[in-house]
Amino acid sequence: VNLKSQLNDCSFGELDVSIDYNVHSDINNGVLEVVISADLETDSRTTIRNAVIAAANAKLGITLPGPFDYVMFLLEGCYVECGWAAY
């Protein structure tokens, strides 16, 4: 059981997660890591989301979603307003 299998099952086979993106050397197995200046413990989820988007856009040299059908943000843990951790 993993993210790919669960998204595929929950969508009745309509959503297939792929890691076949070679548009940038910083993307490894479908994952791009970014560093943001927003504080995960005190800033709002909007501030954090905007910081992540800006950092990804800058690192990739594109405007998201760019060539991607879907973009998912994952945090390393729960900090503030945890209900938004996945949407």
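**Entry 1: helix α2 and its end**

I took helices as DSSP runs of H or I with at least four residues, and strands as runs of E with at least two, numbered from the N terminus. The model is predicted: local features need pLDDT of at least 70 and side-chain atom pairs count only at pLDDT 80 or more, while totals for chains, interfaces and linings use all residues. Residues are numbered from 1 along each chain as its sequence is written, and side-chain values use heavy atoms, with hydrogens and water left out.

I then checked the span of α2: its 16 residues reach 22 Å from the first C-alpha to the last, close to the 22 Å expected at 1.5 Å a residue. The expected span is 1.5 Å times one less than the number of residues.

For burial I used relative accessible area: buried is under 20%, exposed over 50%, and partly exposed in between, with a 1.4 Å probe and protein chains only. In α2, the buried residues are I48, A51, V52, A55, A56, N57 and L60. A56 counts as buried because its relative accessible area is 6%. I also noted that A56 and L32 are 24 residues apart in sequence, yet 7.7 Å apart in space from C-alpha to C-alpha.

**Entry 2: backbone exceptions**

I found a cis peptide bond from L64 to P65, with omega near 15°. P65 is in the segment after α2.

F12 is classed as exposed because its relative accessible area is 77%; N29 counts as exposed at 55%.

**Entry 3: the salt bridge**

I searched for a side-chain nitrogen of Lys or Arg within 4 Å of a carboxyl oxygen of Asp or Glu. The count by this rule is one salt bridge. K4 pairs with D16, and their closest N and O atoms are 2.7 Å apart. The pair links distant parts of the chain, with K4 in helix α1 and D16 in the loop between α1 and α2, twelve residues apart. I recorded K4 as partly exposed because its relative accessibility is 39%. D16 counts as exposed, at 54%.

**Entry 4: the largest pocket**

I ran a 1 Å grid over the protein atoms alone; a pocket is an open set of points where a 1.4 Å probe fits, with protein on both sides within 12 Å along at least five of seven lines, and lining residues have an atom within 4 Å of a point. The volume is the space filled by probe spheres set on the points, which are joined across faces, edges and corners.

The largest pocket has a volume of about 1200 Å³. It is lined by 35 residues, of which G30, V31, L32, M72 and F73 are the closest to its centre. I noted that α1 (3-10) and α2 each supply at least two lining residues. The largest share, five residues, comes from α2.

**Entry 5: M72 and the surface patch**

M72 belongs to the segment after α2 (45-60). I classed M72 as partly exposed because its relative accessible area is 46%. With L3 and L74, M72 forms a nonpolar surface patch of about 320 Å² of accessible area together. Patches take residues with over 30% relative accessible area and no salt bridge, joining like charges within 9 Å and nonpolar side chains (Val, Leu, Ile, Met, Phe, Trp, Tyr) within 5 Å. The areas come from the Shrake-Rupley method with a 1.4 Å probe; for residues, only the protein chains shown count as cover.
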